[in-house]
Amino acid sequence: MQRVRDGLGLARARIVSNVWLLEHGGRRLLVDSGHPVERLALRAHLWRAGVRRPGDLDAVLLTHRHSDHAGNAAWLRRTFGCAVVCHVADADVLSGASAPPRMARWPAWPIDYVLCRIEDRFPARCPVDDTFGDGPWRHGLRVAHVPGHTAGSVLLHHEPTGTLFSGDAILSGVPPVRLVERPSLAKAAYSADVAGCHAATREFLADLPPTRTLCAGHG
């Protein structure tokens, strides 16, 4: 893990999306889990961070259910015995109780359309152990529901350190990779209701709590 500051690490040598390791009160929390194609790289980063066996990781907190963020959640749950947590509005789709809404639609850039077709065919699936609502949660985190990227997309604000985990609602790069820097709000091609997500995100930003660090899903 690349040390961002005390208690916060970023899994490096990854291409698709960012995975963050937050340590709070003696607990280790992983924010998002990355895509399955990068599982070996994630395992190596976790090993170097001391996450090696069951009990070393307490929970995986998902900003939303898309496979580039939730694709390793089931594997992490099996491997480390950790809980998987998402917003209640994403829980039925992530757990497999409901079918996901179709993402691929025209008009779209060809690469976006192809990736959305892949997401439609291979959505992330994982048992859900707990869910977020909207507002204060555990471990110093406050949840802001910003539906529209997915039904359950959220911002997670860690109040003790002023850290904002923004998933794909606020981006510092260009999906579907993490290497190109460009600040933006959620991208329309991958969002069910991008206008709704933008509106909810802007409402949050209008009354932004003290924030020192932005931890986005890409970039």
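Visitor: When do two strands pair, and what order do the 5 strands of the open sheet have?

Guide: Two strands pair if DSSP finds at least two bridges between them, and strands themselves are DSSP runs (E, at least two residues; numbered from the N terminus). This is a predicted model, in which local features need pLDDT of at least 70, side-chain atom pairs count only at pLDDT 80 or more, and totals for chains, interfaces and linings use all residues. Residues are numbered from 1 along each chain as its sequence is written, and side-chain values use heavy atoms, with hydrogens and water left out. With mixed pairing, the open sheet has the order 8-9-10-11-14.

Visitor: Which strands are the edge strands?

Guide: An edge strand here pairs on one side only. That applies to strand 8 (135–136) and strand 14 (213–216).

Visitor: Is threonine 150 buried or exposed?

Guide: Threonine 150 lies in the loop between strand 9 (141–145) and strand 10 (154–158), and touches His64, Arg65, His66 and Asp90 (heavy atoms within 4.5 Å), not counting residues up to four places away in sequence. Buried means under 20% relative accessible area, exposed over 50% and partly exposed in between (1.4 Å probe, protein chains only). Because its relative accessibility is 2%, threonine 150 counts as buried.

Visitor: What is the relative accessibility of isoleucine 15?

Guide: Isoleucine 15 lies in the loop between strand 2 (8–10) and strand 3 (20–24). This residue counts as partly exposed, because its relative accessibility is 48%.

How values were computed: Helices (H or I, at least four residues) and strands (E, at least two) are DSSP runs, numbered from the N terminus.
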